[in-house]
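Welcome! Open your viewer, get your selection tool ready, and follow along one stop at a time.

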Amino acid sequence: METEKITINLGPVDLGRIDLLVQEGFYQNRTDFIRTAIRNQITGHAGEVSRAIDRHMLDLGLRDVTRQELEAARAAGERLHIKVVGLMRIAADVTPDLAAATIASITVLGTLQASRDVKAAIADRIA
């Protein structure tokens with residue numbers, strides 16, 4: 001499972017409370033507490049998240065964009081509008097020209113992984 005690092009600022013009282021829960025054995029460490037708290041909040045809003053994903057027609061999870069997929073789109077004269085909640089990866093063998101010719105827009109709520117050259121070629125299409 002791939003992860004992204006985030007930074008948060010907490011007041012000393014909240015941080016102390018977290019440390020106390022860790023010390024008492026409820027959590028292994030601060031990170032474990034924060035991950036659990038985030039997952040609980042996401043679970044608490046599961047219905048809203050699900051409806052938003054459906055409403056915006058988003059792919060959830062991992063979305064791999066392959067050279068074959070883009071070549072097929074180019075052959076069909078299509079341009080792709082890709083929307084992802086999670087991780088989107090553009091294959092390493094996708095050229096900047098192919099990406100520019102076939103990707104009309106990208107919305108990623110999460111992480112986009114692609115070569116620097118491909119990202120530069122479609123930078124104006126990434127929301």
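**Stop 1: a threonine to start with**

Select Thr102 and show its surface: this residue is buried, because its relative accessible area is 0% (buried means under 20% relative accessible area, exposed over 50%, and partly exposed in between, using a 1.4 Å probe and protein chains only). Before moving on, know that this is a predicted model, in which local features need pLDDT of at least 70 and side-chain atom pairs count only at pLDDT 80 or more, while totals for chains, interfaces and linings use all residues. Residues are numbered from 1 along each chain as its sequence is written, and side-chain values use heavy atoms, with hydrogens and water left out.

Thr102 sits in helix H5, residues 96–102 (helices, H or I with at least four residues, and strands, E with at least two, are DSSP runs numbered from the N terminus). Which residues is Thr102 in contact with, leaving aside its neighbours within four places in sequence? Select Leu70, Ala73, Arg74, Glu78, Arg79 and Leu80 to see them (contact means heavy atoms within 4.5 Å).

**Stop 2: the strands on either side**

Next, select strand E2 (residues 80–90) and strand E3 (residues 103–113): they run parallel and are joined by ten bridges (two strands pair if DSSP finds at least two bridges between them). The chain goes from E2 through H5 to E3, a β-α-β crossover that is right-handed (with the strands pointing away from the viewer, the path from the first strand over the helix to the second runs clockwise). To look at individual bridges, pick His81, whose partner in E3 is Ser105, and then Lys83, whose partner in E3 is Thr107.

While you are in E3, click on Thr111. Thr111 counts as buried because its relative accessibility is 16%. Show its side chain together with that of Glu4: a polar contact of 3.2 Å joins the two (a polar contact is a pair of N or O atoms within 3.5 Å; within protein, one must be able to donate a hydrogen and the other to accept it, and residues adjacent in sequence count only if both atoms are side-chain atoms). Leaving aside neighbours within four places in sequence, Thr111 is in contact with Glu4, Gly86, Leu87 and Met88.

**Stop 3: over to E1**

Select Leu60, which lies in strand E1, residues 59–65. Is Leu60 buried or exposed? Leu60 is exposed, because its relative accessible area is 62%. Beyond its neighbours within four places in sequence, Leu60 is in contact with Ile53 and Val85.

E1 pairs with E2 in the parallel sense over seven bridges. One place to look is Val65, whose bridge partner in E2 is Ile90.

**Stop 4: a loop**

Move to Ala92, in the loop between E2 and H5. Ala92 is exposed, because its relative accessible area is 78%. Then pick Ser115: it is 23 residues from Ala92 along the chain, yet their C-alpha atoms are separated by 6.6 Å.

**Stop 5**

Select helix H2 (residues 30–44), whose 15 residues reach 21 Å from first C-alpha to last, close to the 21 Å expected at 1.5 Å a residue (the expected span is 1.5 Å times one less than the number of residues). H1, in turn, is followed by Gly25, whose phi is positive, near 90 degrees.

Finally, look for aromatic rings: the count comes to one aromatic pair. The ring centres of Tyr27 and Phe33 are 5.1 Å apart and their planes are at 90 degrees, so the pair is edge-to-face (rings of Phe, Tyr and Trp, its six-membered ring, pair if their centres lie within 6.5 Å; planes under 30 degrees apart count as stacked, over 60 as edge-to-face and the rest as tilted). Tyr27 counts as partly exposed, because its relative accessibility is 22%.
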